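I opened the model to look up a few points of secondary structure and packing. My notes follow in the order I took them.

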Amino acid sequence: MKSSVRTRPISVDTQALVCPKCGAVWYPVPMVCSCGFSPLLHDLDWERRALSDHGRLVTWTRLKAVPEGIEKESLTLGMVELSDGVHLVGQLDLDQPASGMHVDIETEECSDGPYRRGVRFVCRERHHA
Amino acid sequence: MRPVAIIGIGHTTFGTHVDRTVVDLMGEAALLALEDAGMGPSPGSVDQLLVGSMGAGILNHQTGVASSLASTLNLVPTPAELIENGPASGASAIRLGHAMIAGGTAETVLVVGGELMKVVSGSRATDFVATLLHPEVEYQSGMTLPAFAAMFTRLYMERYGLTLRDLSRIAVRAHRNGALNPVAHVRKEVTMEAIHDGPAAAENNRTVADPLRLYDVCPVSDGAAAVLLCAADSSKLSGHGKSSHVMINGIGAATDYHAVQSRKDPLYLEAVYRSAQRAYRMAELTPDEISFGELHDAFLILELAIAEEIGLFPRGKAKDAVAAGETDIDGRIPLNPSGGLKAKGHPLGATGVSQVCELVKQLRGQAEAGRQVRDPRYGIAVNFGGFGNNVITTICSQEEI
């Protein structure tokens, strides 16, 4: 019987992981792939893959009722499909968001209240193809 | 598998109860359910107490509420457990009570759901509910449940041609039904003129999460509801003098990926679909046999999406059924005759139990005039946890015993 498993990399490191057995790409990273394989129980590593830095805005909202801990009057949020097919959600730094528009993805440190710590995504208008 | 009947229902008013405790609210609903069943809360009257609540520990600074409820109801030494499954805690508790009776480990189970939310500010309640989201890739961006509902609505509008006017039609129907429901949080009718068509609509129905407006989302509510479950072949039923009871024909549950971004299509609610399929299979029914539904419309878009996932309408077509009056109280398939979460209110842990209370009330023919479904045969309830990552579907009917 194993006495421990290897530690799962948390997802805020902005890297997608590829299952070494079936090739599925995951972000956020689970402990077990949908094929049933868990690298945490084996000596195989997930292959790390940097997330694409640009994508297409799938949908968005401008939120007026922000949650406690966020010191802004409103938040613009969206879901983006990256050019490598991975989806993510993040804040939008866009004056006029529109579904389908191309955006650049950046990361920033966040420290909004005691529990919003780490890295989040910020999407900005894409100026070059 | 032993058949399971619902022999008692109890319901507090939904609304603002900041002068009470969450256990006090739950106790009121429990007593009403026991009274409805013709039973007293004496030790031995129930074999098990199950409590559904999401926020007592965080919002009310009280843990162990199931133990507290068993004590104040003087049900000790009856076993008591707390079930936490987000906004689907109530239906989860019913599902586990059903499993205990069906499996033969209990004859009677008292299920109580309750929540006391309005003791905290709106922004704190919003943050509390947002703790349901993925902590690494959703919560830290400031994502909330209304934000996900808004993004879902925008995508649905673009794919299926839904308009904000379509959503307003649902709000008008929800408030029409809720105005007739004595336990509803918001008991007032609204008109299309007031919330969409008229000159004051923009002010009355301000945007809260673009494109969602105030009347597209449910209120924050306090309240509790209870059901008393009993084995249909139990000797405890024989003394009731009733020849028929509402039965749980089918109950199913399913999960989906925690992070919405991990799903193949953000508009597909797989857990809703799978939980309904499991409930239909247990009940040996198909969607066309359902008479009415209580669907988790915390955001009005969810009534449409859930109705489609459970097979009541083809994908993208529920809005047309609403416009044609098919979901009105006298329509082909009435939806949310209680007023739904939109008008009746949404005290998280209470909601799933409240939905099943409404199924029972309708199937008994005890709903108030103007919101009683005509000759209902089968009712379906869908309780939606997280943003669709843990869902319970329940199907009930009135049966001769």
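**Entry 1: strand 1 of chain B**

I began with strand 1 of chain B, residues 4–11, and found 8 of its 8 residues buried, so this strand is largely enclosed by the rest of the structure. I note here that the model is predicted.

Next I looked up the partners of strand 1 of chain B. Strand 7 of chain B (residues 223–231) pairs with strand 1 in the antiparallel sense, and I read 7 bridges between them. On this side I find His11(B) opposite Ala225(B). Strand 8 of chain B, residues 244–255, also runs antiparallel to strand 1, with 2 bridges joining them. There, Ala5(B) stands opposite Met247(B).

**Entry 2: two helices of chain B**

Two packed helices are described by the angle between their axes and the distance between the axes, so I looked up both values. For helix 1 (residues 22–36) and helix 3 (residues 65–72) of chain B, the angle is about 55 degrees and the axes are 10 Å apart. An angle of that size makes helix 1 of chain B oblique to helix 3 of chain B. I also looked up the hand of the crossing, and helix 1 of chain B passes helix 3 of chain B in a right-handed one.

Which residues of helix 1 of chain B meet helix 3 of chain B? I listed Val22(B), Val23(B), Met26(B) and Gly27(B) from helix 1, against Val65(B), Ser68(B), Leu69(B) and Thr72(B) from helix 3. Sorted by class, this contact has 5 nonpolar and 3 polar residues, with no charged ones.

**Entry 3: chain A overall**

I then turned to chain A. The count is 0 helices and 8 strands, and along the sequence I read the pattern β-β-β-β-β-β-β-β. The C-alpha trace of chain A spans about 55 × 40 × 20 Å along its principal axes. Chain A has 129 residues, of which 46% count as buried. I also looked up contacts in chain A between residues at least 6 apart in sequence; 47% of these join residues at least 24 apart.

**Entry 4: a sheet in chain A**

What is the strand order of the open sheet that 3 strands form in chain A? I read 2-1-3, with antiparallel pairing. Strand 2 (25–26) and strand 3 (47–50) of chain A stand at the edges with a single partner strand each, so one side of each has no neighbour in the sheet.

Last, I checked the pairing of strand 1 (residues 15–18) with strand 3 in chain A, which is antiparallel over 4 bridges. Within it, Gln15(A) has Ala50(A) in strand 3 as its bridge partner.

Terms used
Residues are numbered from 1 along each chain as its sequence is written. Chains are lettered from A and ligands numbered from 1 in the order in which they are written. This is a predicted model: local features need pLDDT of at least 70, side-chain atom pairs count only at pLDDT 80 or more; totals for chains, interfaces and linings use all residues. Side-chain values use heavy atoms; hydrogens and water are left out. Axes are lines fitted to C-alpha atoms, for helices over the stretch in contact, and angles run from 0 to 180 degrees between N-to-C directions. Angles under 35 degrees count as roughly parallel, over 145 as roughly antiparallel, 65 to 115 as roughly perpendicular and the rest as oblique. A crossing is left-handed if the near helix is turned anticlockwise from the far one by less than a right angle, and right-handed if clockwise. Contact means heavy atoms within 4.5 Å. Ala, Val, Leu, Ile, Met, Phe, Trp, Tyr, Cys and Pro count as nonpolar, Asp, Glu, Lys and Arg as charged, and the others, Gly among them, as polar. Buried means under 20% relative accessible area, exposed over 50%, partly exposed in between (1.4 Å probe, protein chains only). Two strands pair if DSSP finds at least two bridges between them.
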